[in-house]
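Hello,

Here is the structure I promised to pass on to you. Please have a look at it first, and then read my notes below.

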Amino acid sequence: MIKTTYKSDAERIREMGHRAFVGGDGIHWDEIAKLQFNFLISEGLQINHTLIDVACGSLRAGRLFVNYLNAGNYFGIDKEINLIIHGVAEELGISSFIEKKPNFVVSGDFDFTKFSRRPDFGIAQSLLTHLTAEDIYLCFKSLRKFIAEDGKFYATFFEVQAPINNYATSDAIDCFFYSRDQLNSLADVAGWRMQYIGDWGHPRDQKMIKLEPK
Ligand SMILES: C[S@@+](CC[C@H](N)C(=O)[O-])C[C@H]1O[C@@H](n2cnc3c(N)ncnc32)[C@H](O)[C@@H]1O
């Protein structure tokens, strides 16, 4: 597939706004925030757990998780610093930032080792939808090494029944599509056991998978 845009992410965030850039325009901002929050609560997330929000963006769900978890237990990682700045300044607020002490790392190659503690839970909402298979593998492999031994990692994806020809390079706006088998293979070689959860109520029909260390 041919890429549709050549602008930097920083330029695109300025033009589109930090919510629209992550696909959070209109009702999708609060709706997909609550969806993620309620989903992880239903999977057993408690205030004393540590959570990594992989590709936290502008803290759409992050602001709910930061305020719910004990201070210092939220870890957000994203490749785009401008999104985190907007997220803290305009979505979370400085008083919650000071009180709840969230941890942030800016990294485009999934350098989880910059965090000081291992997460019990992880979520990547609409990250795999913007990554090549090589970058998904890097994410899976790096988080597998870092997550707690009984950790759980949830990720969403656009599902196709058979593999298609995706873009050659990852992109924060262009969409990527994978089959269940493709993700299962990537998870398996990266050291995870994958469970297909499927529909979890996402308004754009992204499906959910759950990964646990093998
Ligand atoms: C569709 S947004 C979703 C953001 C957030 N999870 C949410 O629910 O609002 C995709 C995010 O992935 C981030 N991203 C893309 N590639 C990344 C990479 N290699 N490492 C870290 N973040 C990445 C983008 O900067 C963007 O914030």
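**What I found**

Among contacts in the chain between residues at least 6 apart in sequence, 68% join residues at least 24 apart; two residues are in contact if their C-beta atoms, placed from the backbone, lie within 7 Å. Before you read on, please note that this is a predicted model, in which local features need pLDDT of at least 70, side-chain atom pairs count only at pLDDT 80 or more, and totals for chains, interfaces and linings use all residues. Residues are numbered from 1 along each chain as its sequence is written.

As for the overall form, the C-alpha trace spans about 45 × 40 × 30 Å along its principal axes. A compact globule of 214 residues would have a radius of gyration near 17 Å, and the 16 Å of the chain agrees with that (the radius is taken over C-alpha atoms, and the globule rule is 2.2 Å times the number of residues to the power 0.38). The secondary structure comes to eight helices and eight strands, which are DSSP runs numbered from the N terminus: H or I of at least four residues for helices, E of at least two for strands.

Of the 214 residues, 42% count as buried, that is, with 20 or more other C-beta atoms within 10 Å of their own, these atoms being placed from the backbone. The largest nonpolar core has 58 residues, and V54 and L143 touch the most other members. Such a core is a set of buried Ala, Val, Leu, Ile, Met, Phe, Trp, Tyr and Cys residues joined through C-beta atoms within 7 Å. Leaving out residues up to four places away in sequence, V54 touches I77, G122, I123, A124, L127, C139 and L143.

Helix α5 (residues 81-92) has buried residues too: L83, I84, H86, G87, V88, E91 and L92. Their cover includes α1 (9-16), α4 (62-68) and β2 (74-78). Just after α5, G93 takes a positive phi of about 95°.

Y178, in strand β6 (residues 177-178), is worth a look. Why does Y178 count as buried? Because 23 other C-beta atoms lie within 10 Å. Beyond its neighbours within four places in sequence, Y178 is in contact with L128, F157, V160 and L183.

Finally, the ligand: 22 residues surround it, the closest being V22, A55, G57, R60 and S126. A residue is near a molecule if its C-beta atom, placed from the backbone, lies within 6 Å of it.

Happy exploring!

Definitions and conventions. A residue is buried if 20 or more other C-beta atoms lie within 10 Å of its own, exposed if 12 or fewer, and partly exposed in between; C-beta atoms are placed from the backbone.
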